[in-house]
Amino acid sequence: MSRIAYVNGRYLPRERGSISIEDRGFQFADGVYEVCEVRGGRLIDERRHVTRLDRSLSELRIARPMTSAALAIVMRETIRRNRVRDGIVYVQITRGIARRDFPFPPDARPSLIVTARSADQARLEQLAAGGVAVVTVPDIRWGRVDIKSVALLPNVLAKQSAREQGAREAWLVDAQGRITEGASSNAWIVSREGKLVTRSLGNDILPGITRSVVIDVIKAQGLAYEERAFTLDEAYAAREAFITSASQIVIPVISINGRPVGNGAPGLIAAGLRRDYHRHAEAS
């Protein structure tokens, strides 16, 4: 079955979907995106994702291409047309088409692209059961990564570095030697004392939706946690580590730069958070 994309008002076979060469998303990476989990044919945490999308658009002063209600219809129709039961849906919005010039064009209309695809659930469960490796790279991103921008070249380079070293993810390290987040995930450790630690929100990390739900799970389970920066040395000494993202939920980290985390196997805390995650996420 040909995959279907929504492109500026039309549902098209993906291979026929296109945008202008003067779209500012192509010329300047002048756009934002969101990705939602689809589980059992239902959108997970749609409200939170749309709220973050609105914030990203507001921060970049990009107009909304349609109302929340209309976008919800487009997302669900794209999921339906692609017959996605378990997977992800992407929403990408750019400032639109205009003659190439740096200042905001006064009359550009935002471009909207929505795509959906199924996920290999068996593979994700295999990763969760076995754990993954991460490596660290310097954080060379711009200063507003709290905006979910399509400008992801530093993340691409970090992911490629991880791939070349046989790792699943790259953790980004700031100038003070502290972990900010993963190239496409939030980073967590469980300290020797059993406290869960993840970096506090700010302009230097993305406010992960999965991260926020995991905090709800942590509170429900009565676990101790702290939002603060942690160092690479703390990560090396941690009892457990894991990553969170909409496409993976909770995945244990079993090694960092080739050094085992804890006993080198997935930990019980990460497994418990993954097990209980969807009890606290919003399905719609």
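This is a predicted model: local features need pLDDT of at least 70, side-chain atom pairs count only at pLDDT 80 or more; totals for chains, interfaces and linings use all residues.

Reader: Is arginine 211 buried or exposed, and where is its place?

Author: Buried means under 20% relative accessible area. Arginine 211 has a relative accessible area of 3%, so this residue is buried. Its place is in helix α6, residues 209–221.

Reader: With which residues is arginine 211 in contact, leaving aside its neighbours within four places in sequence?

Author: Contact means heavy atoms within 4.5 Å. With those neighbours left aside, arginine 211 is in contact with Asn186, Trp188, Thr198, Arg199, Ser200, Leu201, Ile205, Glu227 and Thr244.

Reader: Which side chain does a polar contact join to that of glutamate 169?

Author: The side chain of serine 185 is joined to that of glutamate 169 by a polar contact of 2.7 Å. Beyond four places in sequence, the contacts of glutamate 169 include Val134, Lys159, Gly182 and Ile243, as well as Ser185 itself.

Reader: Why is isoleucine 140 called exposed?

Author: Exposed means over 50% relative accessible area. Isoleucine 140 is exposed because its relative accessible area is 57%. The residue is found in the loop between β7 (132–138) and α5 (153–164).

Reader: Which residues form a nonpolar patch on the surface with Ile140?

Author: Leu152, Leu153, Val156 and Leu157 form the patch with Ile140, and together they have about 470 Å² of accessible area.

How values were computed: Residues are numbered from 1 along each chain as its sequence is written. Side-chain values use heavy atoms; hydrogens and water are left out. Patches are made of residues with over 30% relative accessible area and no salt bridge: like charges are joined within 9 Å, nonpolar side chains (Val, Leu, Ile, Met, Phe, Trp, Tyr) within 5 Å. Accessible areas come from the Shrake-Rupley method with a 1.4 Å probe; for residues, only the protein chains shown count as cover. A salt bridge is a side-chain nitrogen of Lys or Arg within 4 Å of a carboxyl oxygen of Asp or Glu. Helices (H or I, at least four residues) and strands (E, at least two) are DSSP runs, numbered from the N terminus. Buried means under 20% relative accessible area, exposed over 50%, partly exposed in between (1.4 Å probe, protein chains only). A polar contact is a pair of N or O atoms within 3.5 Å; within protein, one must be able to donate a hydrogen and the other to accept it, and residues adjacent in sequence count only if both atoms are side-chain atoms.
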